[in-house]
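Subject: Structure handover and findings

Dear colleague,

Please find the structure below, followed by an account of what was found in it.

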Amino acid sequence: MADYLNEVDLELIRRIRGFVETEVLPIVNEYWELADFPYQILPKMAELGIIGTAITGYGCPGLTRLQTGLVAMELARGDGSVNTINAVQSGLAMGTINLLGSDAQKERWLPRMAKLELIGCFGLTEPDHGSDSVALESTARLDGDHYVLNGEKRWIGLGHKADVVILWARDEADGKVKAFVMEKQPDGSYPEGYHAQAITGKIAKRVIQQAQIEFTDLKIPVGNKLEKSTSFRDVAAILNNTRSTVAWEALGHATFCYEAAVTYTKGRVQFGSPIASYQLVQNKLANMLADLTAMQLICFRSGALQDEGRLTNEQASLAKMFVSDKSRTLCRDARDLMGGNGLLLENHVARHLTDMEVVHTYEGTDFIQSLIMGREITGIAAFK
């Protein structure tokens with residue numbers, strides 16, 4: 001697919017790949033074992049000029065949707081958690097403000113977020129509501145010049161660190177789900193009533209922490225309700241914009257693992273010959289390449305359609321479902337071809353494999369994506 005890219009696209013790839021190779025790969029395994037993020041790389045990441053991706057203005061780069069996908073692919077080719085930082089910051093947090101905020105709200109937050117001076121997060125998922133997030137139970141009640149929020153959130157990336165926290169809650173006045181922006185106080189602490197704690201014990205995406213959040217009588221100024229946020233349809237609009245980008249992340253994981261498998265099998269000698277010389281290994285590599293090519297085609301076509309404003313929700317679901325499923329299998333096959341050495345962090349494949357367990361689940365599980373497509377195919381909804 002390289003012939004499809006222009007020089008601007010190729011330069012973007014080179015820039016991000018250089019960052020990954022010099023700033024990420026030398027230290028990422030250490031932080032994987034620590035289960036924490038190397039925050040010292042954020043200034044260099046900001047210098048890449050990618051934060052805000054497809055948003056135009058407010059200090060954002062105004063990338064095409066294809067370029068946004070290339071960013072996700074290259075960051076994930078290095079590490080999934082590093083990609084998640086950008087995906088949450090640019091796609092979910094900034095994307096929500098850009099789509100639903102007033103001009104004044106955009107000016108207030110987006111320029112500083114584009115410089116990574118403010119870190120954002122996206123608080124939608126709850127302990128009892130993942131795939132059925134439309135049924136979320138967090139509430140917001142207008143009380144004078146503040147909204148009072150009560151509820152819980154779970155699996156919120158950097159929800160215990162973020163400076164700008166977007167909380168989705170149901171307005172008691174009309175029962176509609178709306179977005180509210182909570183900010184840290186000037187001294188860097190969280191407002192009274194907001195409690196967040198990192199979830200521990202994860203086997204994947206260990207370099208970025210997700211939080212369990214509880215908020216009790218949390219006061220958020222009226223001016224911090226995103227002006228254009230009126231219903232759960234706004235949540236769907238945000239996720240439909242970002243879902244195809246998740247497919248690009250899966251493509252990045254698969255690309256690294258395929259290349260690692262080829263390199264390893266050509267150099268690993270057993271029974272007097274490189275294992276790449278054996279029929280079973282060549283068959284496996286050939287099928288891996290076929291799947292990788294199909295993933296590329298779907299991602300590139302999705303990017304082109306999105307740039308034309310023609311990517312449907314069902315097409316985005318197809319891309320996310322197919323690419324994440326094939327990528328998880330490819331990463332597993334790469335680990336298998338590397339034998340016991342594939343389990344070592346120093347070879348990186350195990351990190352990509354476990355990260356794909358997460359990618360396969362978030363922003364709509366494989367099952368939910370198939371049901372969205374099934375509804376389109378049959379005209380019958382299998383879920384509410």
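How many salt bridges does a search of the whole structure find? The search finds 16, a salt bridge being a side-chain nitrogen of Lys or Arg within 4 Å of a carboxyl oxygen of Asp or Glu. Before the details, please note that this is a predicted model, in which local features need pLDDT of at least 70 and side-chain atom pairs count only at pLDDT 80 or more, while totals for chains, interfaces and linings use all residues. Residues are numbered from 1 along each chain as its sequence is written, and side-chain values use heavy atoms, with hydrogens and water left out.

Salt bridges

One of the salt bridges joins R17 to E74, with the closest N and O atoms 2.8 Å apart. This pair connects distant parts of the chain: R17 belongs to helix 1 (residues 7-24) and E74 to helix 4, 57 residues apart. Helices (H or I, at least four residues) and strands (E, at least two) are DSSP runs, numbered from the N terminus. R17 is partly exposed, at 29% relative accessible area, whereas E74 is buried at 2%. Here buried means under 20% relative accessible area, exposed over 50%, and partly exposed in between, with a 1.4 Å probe and protein chains only.

D171 and K178 also meet through their side chains in a salt bridge, at 2.9 Å from N to O. D171 is buried, with a relative accessible area of 5%, and K178 is buried as well, at 9%. A network of salt bridges links D171, D174 and K178.

A further salt bridge is formed by E308 and R310, whose closest N and O atoms are 2.8 Å apart. E308 is partly exposed at 46% relative accessibility, and R310 is partly exposed at 47%.

Nonpolar cores

A nonpolar core is taken as a set of buried Ala, Val, Leu, Ile, Met, Phe, Trp, Tyr and Cys residues joined through side-chain atoms within 4.5 Å. The largest such core has 52 residues, and F19, M45, L75 and W168 have the most contacts inside it. Helix 5 supplies the largest share of this core, 8 residues. Apart from this core lies another, of 37 residues, including L70, Y258, C331 and V349.

Which residues does L75 touch, not counting those up to four places away in sequence? They are I16, F19, V20, M45, I50, V82, N83 and N86, where contact means heavy atoms within 4.5 Å.

Helix 4 also holds Q67 (helix 4 covers residues 65-78). Q67 is buried, at 10% relative accessibility. Leaving aside neighbours within four places in sequence, Q67 is in contact with V8, D9 and L12.

Helix 6

Helix 6 (residues 103-114) has 12 residues and reaches 16 Å from its first C-alpha to its last, close to the 16 Å expected at 1.5 Å a residue; the expected span is 1.5 Å times one less than the number of residues. Its buried residues are Q105, K106, W109, L110, M113 and A114. These residues cover an arc of only 125° around the axis, which puts them on the same side of helix 6; the arc is that of the directions from the helix axis to the C-beta atoms. A104 and E107, on the other side of helix 6, are exposed.

Against which elements do the buried residues of helix 6 pack? They pack against strand 2 (60-61), helix 5 (80-100), strand 3 (120-123), strand 6 (164-171) and strand 7 (177-183). Just after helix 6, L116 takes a positive phi of about 60°.

Cysteines

A search of the whole structure finds 0 disulfides, a disulfide being a pair of cysteine sulfur atoms within 2.5 Å. For C60, the nearest cysteine sulfur is that of C121, 18 Å away. C60 is buried, at 11% relative accessibility. The sulfur of C299 is 13 Å from the closest cysteine sulfur, in C331, and this is too far for a bond. C299 is buried at 1% relative accessibility.

Strand 8

A196 lies in strand 8 (residues 194-198) and is partly exposed, with a relative accessible area of 30%. Not counting residues up to four places away in sequence, A196 touches G159, H160, A211, Q212 and I213. The C-alpha atoms of A196 and L48 are separated by 30 Å, the two residues being 148 residues apart along the chain.

With kind regards
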